[in-house]
Amino acid sequence: MSSDVRRQRRELTVGIAIIVVLALGLAVSATGYLLTRNAGLADPPDAKPAPEHSALALVEPPGAPGPSGPFTLAALRSTVSLPQPMVDVLTTAGMSDGVRKTAVRAGVTIGLYALATGDPRGAVRAYGAGVELQGLAADRDLSLEGVIVYGTPVGAPLARFAAAYVLYDRVVVVETAGHGDAAHDVFRTTLQRQIELAPPSDRS
């Protein structure tokens, strides 16, 4: 066997070993992230019985009422604005009904949604991925066990806060958008009222 062939085999073996080590490192990092994502977050109230229908799963948002009421999957694809990855999951898993409640308070737009689906966990994960693609990042100060809150960076001209969580066979979404501290404060108050009415049934 020539020295060139032996050298090439050694280089190939070293390359494979490096790839394996990197893959193991990524796997360990991902596992650690999943284990610590909710670590240290505040506990929401204990879960309550499932609401009889989606409208009962949502509080009334504060402020002047906006477009509200039931909507279908077709409307979700065309006129109801939620992240596309979540819409894709709801399209695949099915959405038996949806309800939204919106309002405007002090220049802040508030949106609450309850969506019954065959894959609420998948829809919540897709929602998080979707808002991250839109530039929002996890906000640990506002998050709770089972309710990861996402927000715009500090100083953004238009602030936005968003969260989705599992409520039995439903996904509940809470969103606000507006200027600075107002969007933050309205979101915090609205989410608190929403969690008191319908705490998450899944804390993972």
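Where is the place of alanine 182? Alanine 182 sits in helix H5, residues 180-197. The legends below describe close-up views of a predicted model.

**View 1**
The place of Ala182 is in H5. Its relative accessible area is 28%, so Ala182 counts as partly exposed. Arginine 105 is 77 residues from Ala182 in sequence. In space, the C-alpha atoms of Ala182 and Arg105 are 9.0 Å apart.

**View 2. Aspartate 185 is another residue of helix H5.**
Is aspartate 185 buried or partly exposed? Asp185 is partly exposed, because its relative accessible area is 34% and buried means under 20%. Valine 108 lies 77 residues from Asp185 in sequence. The C-alpha to C-alpha distance between Asp185 and Val108 is 9.8 Å.

**View 3. Alanine 106 has a positive phi in the loop between strands E3 and E4.**
Phi at Ala106 is about 50 degrees, although the residue is not a glycine. Strand E3 covers residues 95-105, and the loop with Ala106 lies between E3 and E4. Ala106 is exposed, with a relative accessible area of 70%.

**View 4. Tyrosine 168 has a positive phi in the loop between E7 and E8.**
Tyr168 is not a glycine either, yet its phi is about 55 degrees. The loop that holds Tyr168 lies between strands E7 and E8. Tyr168 has a relative accessible area of 35% and is therefore partly exposed.

**View 5. The largest nonpolar core has 26 residues.**
Which members touch the most other members of this core? They are Leu76, Met86, Leu115 and Val173. At least two core residues come from each of helix H2 (73-78), helix H3 (84-93), strand E4 (108-117), helix H4 (120-133), strand E6 (148-151), strand E7 (159-167) and strand E8 (170-178). H4 gives the most, with five residues. In soluble globular proteins, nonpolar side chains tend to be buried together.

**View 6. Leucine 76 makes contacts across the sequence.**
Residues up to four places away in sequence are not counted here. Leu76 then touches Phe71, Leu82, Val87, Leu90, Met95 and Leu115. Both Leu76 and Leu115 are among the members of the largest nonpolar core that touch the most others.

**View 7. Aspartate 139 contacts Val149, Tyr150 and Phe161.**
Asp139 is found in the loop between strand E5 (137-138) and strand E6. Its contacts with Val149, Tyr150 and Phe161 leave aside neighbours within four places in sequence. Phe161 is 22 residues from Asp139 in sequence. The C-alpha atoms of Asp139 and Phe161 are 8.9 Å apart in space.

**View 8. The second largest pocket has a volume of about 190 Å³.**
Which residues line the second largest pocket? The lining consists of Pro44, Pro45, Asp141, Leu142, Ser143, Leu144, Arg188, Leu191, Gln192, Ile195 and Glu196. By class, six of the lining residues are nonpolar, two are polar and three are charged.

**View 9. The chain as a whole has five helices and eight strands.**
Along the sequence, the pattern is α-β-β-α-α-β-β-α-β-β-β-β-α. The chain has 204 residues, and buried residues make up 42% of them. Take the contacts between residues at least 6 apart in sequence: 69% of these join residues at least 24 apart.

**View 10. Model confidence has a mean pLDDT of 85 over the chain.**
A pLDDT of 70 or more is reached by 81% of the residues. Over residues 12-36 the pLDDT is below 50. Beyond near neighbours in sequence, this stretch has one contact in the model.

Terms used
Residues numbered from 1 in each chain as written. Predicted model: local features only at pLDDT ≥ 70, side-chain atom pairs only at ≥ 80, totals over all residues. Heavy atoms only, no water. Core = buried A, V, L, I, M, F, W, Y, C linked by side-chain atoms within 4.5 Å. Buried < 20%, exposed > 50% of the residue type's maximum accessible area, 1.4 Å probe, protein only. Helix = DSSP H or I, 4+ residues; strand = E, 2+ residues; numbered from the N terminus. Contact = heavy atoms within 4.5 Å. pLDDT = per-residue confidence, 0-100. 1 Å grid on protein atoms, 1.4 Å probe; cavity = no way out; pocket = protein on both sides within 12 Å on 5 of 7 lines; lining within 4 Å. Points joined across faces, edges and corners; volume = space filled by probe spheres on them. Nonpolar A, V, L, I, M, F, W, Y, C, P; charged D, E, K, R; others polar.
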